[in-house]
Amino acid sequence: MKTVLDKINETYGDADRQVLLRAYHYAEEMHKNQKRASGEPYFTHPCAVAEILVDLGMDTPSVAAAFLHDVIEDTPATPDDVKKNFGEEILTLVDGVTKLDKIRFQTHEEEDAENFRKIFVAMANDVRVIIIKLADRLHNMRSLNFLSKERQQRIARETLEIFTPLAGRLGISQIKCELEDLCLKYLDPEAYEYLASNIHQRLEERRNFVDFVVAQLQHMLEEENIKGEVFGRPKHFYSIYRKMKNKGLSLDQIYDLTAVRVIVNTTEECYEVLGKIHKQWKPVPGRIKDYIATPKRNMYQSLHTTVVTNFGQYFEIQIRTFEMHKMAEYGIAAHWKYKEQKTGENNFDQRLSWIRDVMDWQGSLNDSKEFVDSLKNDLYSNELLVFTPHGKVISLPLEATPVDFAYAIHSEVGNKCVGAKVNGKIVQLNSTLKTGDVVEILTSSTTKGPSWDWLKFVKSGSARAKIRQFFKKEMKDDNIKTGRSMLEAEAKRRGYNLNDLLTDEAFNKISSKLVFASEDEMMASVGYGAISVNQIIYKLIDYYKKEIPKPVNEIEAEKLKHTPAGSVTVKGMTGLLVRFAHCCNPVPGDPIVGFISRGRGVIVHRRDCPNVSGMDDSRIQPAEWTGQTETGFIAGIKISATDESGVIAFITSEIAQLQLTMTQINGRITKDGKALFDINVKLNKRSDLDLLVNHLKKDKRIIDVYRTSN
């Protein structure tokens, strides 16, 4: 406890110290009597997180939020309490790292995915959120040995998949390297123990060699009158482990267990030193990397070269300026640690640009797991560096295509893309790019937008999401109509009416799982292909069938006697709440059966309705017409006729003469010249329908007339 307070007193001014001490004591009081899995007071955790941030040089609100980051989640403290005592800025940071414990999730994966999405949304507004979260995860990993093996591996795997790449993307190598080594300790403990003992032994053996190399480099700097520092740094375990795994090497075959670093004042001196080194020792072909001219995506800059001595010993040298070294060690945190020196304001903005890119496309993904999968794809992908015609470097995932490049430039460039040139030659849009390619995108203002087929070959999560976003936003009205039409057609094919299936209750069930804000959004998602027709229809039919209850008993029937219909009896009982199924439109005189639904009364079907055969027999109840009719019924008929003038007039005239009401008519001409009509007619009794059919069949232009099921 004393360590973090001592560091605060040494690092911050009076006003800042007062804020941090208040946060310290408030968190201490809130977490009083709470214990960690290790048996230690819980308050040791926020103190350790705060100390990590002090060492990184973070600002006062960040360190205060570190002390308070668990009070909302684990104590009676509320967001209003934190805001009242510490202000809006600190509350925003605390809320950004607070887990969603009050929301129920179906799986750990879903919960984690939603947490990550929340972190990124908060991080888009204030990147300090993720730095606090990384410090929180680092201390949790340091004390993971007190948890069960299953939880150790789950947390370590999650850390390796999400948090270490995040630390790397933000350039905070101190945290990234320690997290990776801790993950290795729990995911492959045998390998970790082997490396820990054997690397230490080999480093002791190589100490004299490293001292020799450092002395040679220092002498080289002195000869050229260059002021700088030279030192050796052992590579962390995980980087060696990964090299052994990826290249199938044994530890004896890995020569660069130690990287020697040369730190100088200017970029020019970096290249000058590189030239002197290559004059002194022979460089290994293919092992020279210039990250100064082409920085990594996290804006890391350095020169790397592997050389071999006259007696055959390989070793790696990294050359960078003091400014580059600060950014390499502290990454985005250097913005606060060295802010009095106005360090790298442009670098800071560039480091944040990828976060803004993620936020641009994450809104198009309803599914949080899909968001995390896309994020992992971007975080894990190795870099492919290509150039614009003006020489700007664009970083893309391996095997990226010109379409990925177009969307990396700007969403509108991608949406208007009609072709591409690579190194001056026209190529297909699904061509694979290579490092060093010069890419030019051909656009057209008349193009309607991207092709849906592009989703089959783009490699970057941002390009994929931006394509979907176009179809979602720019073509929303068309997508809604298309989606509704697709659902109606599929429902009809299965013998249902979409309006019967898509009740308010059914939509609420679907939206609770698929996160649709409105029915239109669901239709649009089907229309632009984000979700399949069957995913919706299966759920609607399943819910519809569940609404049909088990066999009715006398008590259940009594509960339904609220809205008498007077035209149907079910199991000999009258006065029940009755609804007539739209799939078969029963009319008086049709053989019928009834279903008793919860809160929706009796659903009456024709006995020959195709839906009845697919239902549980125990739910079918005998029903019959009473002869009393207080309401109209809809019947569907199909008419086949010759394509002669006056046919439609004759049909409508016959319906009117019988004093019936036509509610719907659809007609078309077939390839063989016949006219087909689907007509819905409102009538009161079955004899009305029989009379209409007989009247129509008397006309020689009418080929056939028959009753339909829907």
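Modeller: Let us begin with the conventions. This is a predicted model, in which local features need pLDDT of at least 70 and side-chain atom pairs count only at pLDDT 80 or more, while totals for chains, interfaces and linings use all residues. Residues are numbered from 1 along each chain as its sequence is written, and side-chain values use heavy atoms, with hydrogens and water left out.

Colleague: In which strand does Thr321 lie?

Modeller: Helices (H or I, at least four residues) and strands (E, at least two) are DSSP runs, numbered from the N terminus. Thr321 belongs to strand β6, which covers residues 314–321.

Colleague: Is Thr321 buried or exposed?

Modeller: Buried means under 20% relative accessible area, exposed over 50%, and partly exposed in between, with a 1.4 Å probe and protein chains only. Thr321 counts as buried because its relative accessibility is 5%.

Colleague: Which residues does Thr321 touch, not counting residues up to four places away in sequence?

Modeller: A contact means heavy atoms within 4.5 Å. On that basis, Thr321 touches Ile263, Val264, Asn265, Thr266, Thr267 and Cys270, residues up to four places away in sequence not being counted.

Colleague: How many residues of strand β2 are buried?

Modeller: In β2 (residues 258–264), 7 of the 7 residues are buried, so the strand is largely enclosed by the rest of the structure. Both faces are covered: one side carries Thr258, Val260, Val262 and Val264, the other Ala259, Arg261 and Ile263, and all are buried.

Colleague: How many bridges join strand β1 to β2, and in what sense do β2 and β6 pair?

Modeller: Two strands pair if DSSP finds at least two bridges between them. Strand β1 (residues 229–234) runs antiparallel to β2, with 6 bridges joining them, and Arg233 stands opposite Ala259 in β2. The pairing of β2 with β6 is parallel, also over 6 bridges; here Val262 is opposite Ile319 in β6.

Colleague: What is the order of the open sheet of 3 strands?

Modeller: The order is β10-β9-β11, with antiparallel pairing. Its edge strands are β10 (425–427) and β11 (439–443), each of which pairs on one side only. For angles, axes are lines fitted to C-alpha atoms, for helices over the stretch in contact, and values run from 0 to 180 degrees between N-to-C directions. The twist averages 35° from one strand to the next. Within this sheet, 5 bridges join β9 (residues 417–422) to β11, and Val422 stands opposite Val439 in β11.

Colleague: Which strands does helix α19 touch as it packs on the sheet?

Modeller: Helix α19 (residues 402–409) touches β9, β10 and β11, and its direction makes about 80° with that of β11. This helix is largely enclosed by the rest of the structure, because 6 of its 8 residues are buried. The buried residues are Pro402, Val403, Asp404, Phe405, Ala406 and Tyr407.

Colleague: Where are Glu399 and Asn423 found?

Modeller: Glu399 is in the loop between β8 (393–397) and α19, and its phi is near 65°, a positive value in a residue other than glycine. Asn423 is in the loop between β9 and β10, with phi near 55°, again positive in a residue other than glycine. Asn423 counts as partly exposed because its relative accessibility is 46%.

Colleague: What is the count of disulfides?

Modeller: A disulfide is a pair of cysteine sulfur atoms within 2.5 Å. By this rule the count is 0. Cys183 is buried, at a relative accessible area of 0%, and Cys609 is buried at 2% relative accessibility.
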